[in-house]
Amino acid sequence: MSGEVNPIPEGFHTVTPYMTIKDASDAIEFYKEAFGATEIFRWADPDGRVRHAEVVIGDSPVMLTDEAPDFGMAGPRSLGGSPVHMFLYVEDADAVFDRAITAGATELMPVEDSEDGDRRGGVTDPFGHVWYIGTHVEGISREELQKRYDAMAGR
């Protein structure tokens, strides 16, 4: 092998989500429809079980796999929820939120303006993962953000 290899593969970032999902093939199709994902790789068993797949949403890759209980890998539906949520920044939070709902997500919180300068809402996808969908609409400093949070907490 010759040449220098980048320790972070092209198109990836330092942190890349890796999601375990029951029915990963269906999830890939949902992410395409709801979030405009592009599938870039899929390795599946002959029975269709996804061993490893990669999609890109916006400029961010997401890796995913089907549940593999024999390896201790279970998705949110099997676990009764997930402590990890995804945050998706988009050009138009309202439009993407509506598209996710139409594709089969359920509303967790409606899209509204928030104190931190984002317009956002939350959905739970049909596979149990929570996605916050936001558009940054107001540029505010960290200091101003802290003041707003302190005011909300009554400090």
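This is a predicted model: local features need pLDDT of at least 70, side-chain atom pairs count only at pLDDT 80 or more; totals for chains, interfaces and linings use all residues.
Residues are numbered from 1 along each chain as its sequence is written, and side-chain values use heavy atoms, with hydrogens and water left out.

**Exercise 1. The chain as a whole**

Task: describe the elements of the protein chain and their order, then its box and its buried share.

Solution: 
- Start with the elements: the protein chain has four helices and eight strands (DSSP runs, H or I of at least four residues for helices and E of at least two for strands, numbered from the N terminus).
- Next, read them from the N terminus: β-α-β-β-β-α-β-α-β-β-β-α.
- Along the principal axes, the C-alpha atoms fill a box of roughly 55 × 45 × 30 Å.
- Finally, of the 155 residues, 36% are buried (under 20% relative accessible area, where exposed is over 50% and partly exposed lies in between, with a 1.4 Å probe and protein chains only).

**Exercise 2. The largest nonpolar core**

Task: which residues of the largest nonpolar core touch the most other members, and which element gives the most to this core?

Solution: 
- Recall the term: a nonpolar core is a set of buried Ala, Val, Leu, Ile, Met, Phe, Trp, Tyr and Cys residues joined through side-chain atoms within 4.5 Å.
- Of its 29 residues, Tyr-31, Phe-35 and Trp-131 touch the most other members.
- Elements that give two or more residues to this core include strand S1 (18-21), helix H1 (24-35) and strand S8 (130-136).
- H1 gives the most, with seven residues.
- Now look around Tyr-31: leaving out residues up to four places away in sequence, Tyr-31 touches Met-19, Ile-21, Gly-36, Ala-37, Asp-125, His-129 and Trp-131 (contact means heavy atoms within 4.5 Å).
- As background, nonpolar side chains tend to be buried together in soluble globular proteins.

**Exercise 3. The setting of Arg-120**

Task: is Arg-120 buried or exposed, and with which side chains does the side chain of Arg-120 make polar contacts?

Solution: 
- Locate the residue: Arg-120 lies in strand S7 (residues 118-124).
- Its relative accessible area is 17%, so Arg-120 is buried.
- Then list the partners: the side chain of Arg-120 makes a polar contact with the side chain of Asp-116 (2.8 Å) and with that of Ser-114 (3.3 Å).
- A polar contact here is a pair of N or O atoms within 3.5 Å; within protein, one must be able to donate a hydrogen and the other to accept it, and residues adjacent in sequence count only if both atoms are side-chain atoms.
- Beyond neighbours within four places in sequence, the contacts of Arg-120 include Phe-87, Met-109, Pro-110 and Ile-133.
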